[in-house]
Structures are given as structure tokens and as C-alpha cells.
Amino acid sequence: MLSAAGSRTEIDRSGYVVSHSVRGRKLISAPLRPNFWRASTDNDWRGWRVGKIAGCWKEAPERLQTVSVRIDESAGSVTVEKAIPDSVRLTLTYTLDGAGALAVDYKLDISDRMPEPLRVGLQTCVPNTLERIAYFGKGPQENYSDRCEGAFLGLYRSTPEKFMHSYITPQENGNRCDVRWLSLTASDGRGVQFVGAEPLSVSVWNCTQESLDKARHSNEVEPLADALTVNIDRTQTGVGGTDTWSLKARPSDQYRLLEKRLPVHDHPLQRRSRNDTQRPQPVQEPISPCNFRRPDTSGRKSRNIHYARPKFGRA
């Protein structure tokens, strides 16, 4: 448990932030968890058969085991080390400052044997009362790394229903690229804000990723009763589609999340007041692991991502 200036952050035994509230008002209603998967697109499952090639990423967050927990009372921080044996090691450090801003730092070591993930980011839920969406990034329509030339950088406002895109076969949808910040607020102007020092990919759904992935018809997608799913990603693989029936359906190399070193980032989640006088909180953004049938190219590499408190004005 971390608390300061009216902010209260709860971290459970799994090592994830499970709740963040400000003066009793809940801003996070589900754990901030790493996410490396997406609801399969037509190209993913019909074309390059992503489940067979990279399916281990789907359950990677559940496979992470807590190795140690260290508490530094003087710094107001908690450090959690998690790992999948011989695959990945993830270190999360949560620090709540005197103004109530939560920073989440992490370092991740991944084996080079791992296949490519579909996304690198975090997923959580917020109360569905935070239904007023504003962001500065590419829009207004959904866009992906290989489908964004027709989207323009700007300030956009929306609702969860308009933010999503309904396909005949439910699948990954509603992403926005090059997002500098995303805010979700209630009718009184209070809520939460996610900020990236480097552009992010974000999406907001009124359902779960699992429901999108499971459904085969739009009427089978089960809406959440009292929450919104929020995806805050450093990046996501492209849509692809050179053809739709073979490995060529996979995105071109420049739009895939191939083995590469990710730089250090700022990427926080902030509380937002009506007058923007309150400071924020952050979000994390892990990369994960698991065993996969691929030739060992030797060695391991370290990927470091750092979240710091952002500097920005009113949305």
C-alpha cells in the first residue's frame, strides 16, 4: 500500500497495481498488467496463423512468477521482481511522491528465443463514468502503424462507442497512433490521464479483449457493465495484408515487433482534476516471455523502459 496527498495505491501479491484512488474516488478498477497480445484480426488468424507462431505471448503475463518484493520506506517505493524461468525477468518499481503522483519503473530481460509479441504495453480498466475521451495524437478514425497515412495529428474528443470500430468479425480495433496523452474524465471534468514522453498507441473499449477475441459475430461481444478497457501501448504490430491467406498476411518487417532494443521512456498515468491543479500517476509498460519453438540465436538482451512524471498542460 502506498499513500500520499490523498492518493492511495494498492499493490497485490502478484506485484501489480490493482487499485488507484484519489480522495476515495477510484481511477483504476482493474490491475495494471502487461499485455503482449491482441484480439486476432482476420489477417492474424486466417493469414499468418499468429496463434501457432507467437501464441505463447497470450498467456505470458499469467506465467510471470514473483521472485522477490523489496520495500523502501524512505523512498516511498516498492520493487517487485518477476520472472518466467529461462525466458524473461521483469522488475517493477512503484514510487508515490509527496504530491500523490505514482511512477512505475521497470526493467525487462527477454531471451532472444522468444517470438515477436503483437503489442508492448499495459492494459487496465477504469470506471465507465470516465466516458469523456480526449487525446492528442493521430485521428479521428482508428489507425495502426501501417494504416496511418490518412490520419492527422491533432486534438480529438470522443466517446467509447465512437472510439471503437465495429467489424463484421469482432477483432482488434480502435487503435490510435502517435498519441502524446489520453484523458478519460467524468461529467465533472475529473478523471485520469495517461501521458507518454514518446508517442504511444492507445485504445478504449466498452468490452474486454477476451470477448473480442472469442466472438465470431458482433452480437456475441459482451459489453462490460461498469467499466472501460484501456490499452496503453508503447507500440503494436501493424495490420499487414499483402495477402490474406498465407504468411504474407503478416505485417511488413518495419511494422513488426522484431527483436530490437527499446529505449528509455517516460509514460505515466495521471489523475486529472477539473482545474488541472492535481498531479498525476503513471502506468507501466512491460514486455514479456515464454518458451517457443525457434532456433536459439544465442545470448540474451535487456530492454529497459522507464516511467517518469510528465510535464504538460490542460487537454
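Residues are numbered from 1 along each chain as its sequence is written. Because the model is predicted, local features need a pLDDT of at least 70 and side-chain atom pairs count only at pLDDT 80 or more, while totals for chains, interfaces and linings use all residues, and side-chain values use heavy atoms, with hydrogens and water left out.

The average pLDDT (the predictor's confidence in each residue, from 0 to 100) is 81 for the chain, and 81% of the residues score at least 70. The pLDDT falls below 50 over residues 263–267, a stretch with 31 contacts (heavy atoms within 4.5 Å) beyond near neighbours in sequence. Residues 277–315 also stay under 50, and the model gives them 187 contacts beyond four places in sequence. Where pLDDT is low, the predicted coordinates should not be read in detail.

The chain contains five helices and 17 strands; helices (H or I, at least four residues) and strands (E, at least two) are DSSP runs, numbered from the N terminus. Of its 315 residues, 56% are buried, where buried means under 20% relative accessible area, exposed over 50% and partly exposed in between (1.4 Å probe, protein chains only). Among contacts between residues at least 6 apart in sequence, 69% join residues at least 24 apart. The accessible surface (Shrake-Rupley method, 1.4 Å probe; for residues, only the protein chains shown count as cover) is about 14,000 Å², and carbon and sulfur atoms account for 49% of it.

The largest pocket has a volume of about 410 Å³. A pocket is defined on a 1 Å grid over the protein atoms alone, as an open set of points where a 1.4 Å probe fits, with protein on both sides within 12 Å along at least five of seven lines; lining residues have an atom within 4 Å of a point. Grid points are joined across faces, edges and corners, and the volume is the space filled by probe spheres set on the points. The lining consists of 20 residues, and those nearest the pocket centre are Asn35, Glu62, Gln123, Gln209 and Glu210. At least two lining residues come from each of strand E5 (33–35), helix H3 (60–63), strand E10 (119–127) and helix H5 (209–214). Eight lining residues are nonpolar, six polar and six charged; Ala, Val, Leu, Ile, Met, Phe, Trp, Tyr, Cys and Pro count as nonpolar, Asp, Glu, Lys and Arg as charged, and the others, Gly among them, as polar.

Helix H3 also includes arginine 63, which is partly exposed because its relative accessible area is 32%. Its C-alpha atom is 6.3 Å from that of isoleucine 84, 21 residues apart along the chain. Glutamine 193, in strand E14 (residues 191–205), is buried, since its relative accessible area is 2%. The C-alpha atoms of glutamine 193 and isoleucine 133 are separated by 9.8 Å, and the two residues are 60 apart along the chain.

Some backbone features were also identified. Glycine 139 and proline 140 are joined by a cis peptide bond, with omega about 0 degrees. Proline 140 is in the loop between strand E11 (132–139) and strand E12 (152–158). Arginine 23, although not a glycine, has a positive phi of about 50 degrees. Arginine 23 sits in the loop between strand E3 (17–22) and strand E4 (25–28), and its relative accessibility of 56% makes it exposed. Aspartate 178, likewise not a glycine, has a positive phi of about 55 degrees. Aspartate 178 lies within strand E13 (residues 176–185) and is partly exposed at 28% relative accessibility.
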